[in-house]
Amino acid sequence: MGGGLLAGFLVILWRGLRASLRMRDDFGRYLALGVTVVIVVQGFINMSVVLGIMPTKGIPLPMISYGGSSLVSTLALLGILMNVSEHAG
């Protein structure tokens with residue numbers, strides 16, 4: 001399961017960076033980059049805490065950990081990233 005989870009976050013990172021590089025206007029480029037960094041860094045910090053590499057921070061794992069407000073904000077960010085990716089071409 002850990003490998004699949006890591007692969008999922010790497011796909012989000014790849015698609016977000018790809019959308020950021022293909023975007024023509026600066027706002028869309030920085031928006032895609034910011035959303036991608038927020039989601040991926042949050043996931044990697046949580047995975048590092050679980051593996052014992054970092055001290056406990058209390059950051060939930062995006063789309064996996066229980067929590068209503070975290071899930072809603074993560075899904076909203078992914079929706080924004082999908083919209084930017086669609087307009088990037």
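Me: Rings of Phe, Tyr and Trp (its six-membered ring) form a pair if their centres lie within 6.5 Å; planes under 30 degrees apart make it stacked, over 60 edge-to-face, and the rest tilted. How many aromatic pairs does a search of the whole structure find?

Reply: First, some background: this is a predicted model, in which local features need pLDDT of at least 70 and side-chain atom pairs count only at pLDDT 80 or more, while totals for chains, interfaces and linings use all residues. Residues are numbered from 1 along each chain as its sequence is written, and side-chain values use heavy atoms, with hydrogens and water left out. Searching the whole structure for aromatic pairs gives a count of one.

Me: Is the pair of Phe9 and Phe44 stacked, edge-to-face or tilted?

Reply: The two ring centres are 6.5 Å apart. Because the planes of Phe9 and Phe44 meet at 55°, the pair is tilted.

Me: How many residues apart are Phe9 and Phe44?

Reply: Helices (H or I, at least four residues) and strands (E, at least two) are DSSP runs, numbered from the N terminus. Phe9 sits in helix H1 (residues 2-22) and Phe44 in helix H2, so the pair links distant parts of the chain.

Me: Which elements, from the N terminus on, make up the protein chain?

Reply: The protein chain has three helices and zero strands. Its C-alpha atoms fill a box of roughly 40 × 25 × 20 Å, taken along the principal axes. Read from the N terminus, the order is α-α-α.

Me: What share of the contacts with a separation of 6 or more comes from residues 24 or more positions apart?

Reply: A contact here means heavy atoms within 4.5 Å. Of the 89 residues in the protein chain, 28% are buried. Among contacts with a separation of 6 or more, residues 24 or more positions apart account for 56%.

Me: How far does H2 reach from its first C-alpha to its last?

Reply: The expected span of a helix is 1.5 Å times one less than its number of residues. With 26 residues, H2 would be expected to span 38 Å. The reach in the model is close to that, at 37 Å.

Me: Against which helices do the buried residues of H2 pack?

Reply: The buried residues of H2 include Ala32, Val35, Thr36, Ile39 and Val40. Thr36 has a relative accessible area of 0%, and it touches Ile12, Leu13, Gly16, Leu17 and Leu81, leaving aside residues up to four places away in sequence. Taken together, the buried residues of H2 pack against H1 and H3.

Me: Within what arc do the buried residues of H3 fall, seen down its axis?

Reply: In H3 (residues 68-88), the buried residues are Ser70, Thr74, Leu78, Leu81, Val84 and Ala88. They line one face of the helix, because the arc, taken from the directions from the helix axis to the C-beta atoms, is within 120°.

Me: Which residues of H3 are exposed on the other side?

Reply: An α-helix has 3.6 residues a turn, so residues three or four places apart point the same way. The buried residues of H3 have a cover that includes H1 and H2. Exposed on the other side of H3 are Ser69, Val72, Met82, Glu86 and His87.

Me: Which residue has its side chain joined to that of Asp26 by a polar contact?

Reply: A polar contact is a pair of N or O atoms within 3.5 Å; within protein, one must be able to donate a hydrogen and the other to accept it, and residues adjacent in sequence count only if both atoms are side-chain atoms. Asp26 is in helix H2 and is partly exposed, at 47%. At 2.8 Å, the side-chain partner of Asp26 is Arg29.

Me: Which residue has a positive phi although it is not a glycine?

Reply: Just after H2, Gly52 takes a positive phi of about 85°, and Gly89, which follows H3, has one near 100°. The non-glycine case lies in the loop between H2 and H3, with a phi of about 70°, and it is Met63.

How values were computed
Buried means under 20% relative accessible area, exposed over 50%, partly exposed in between (1.4 Å probe, protein chains only).
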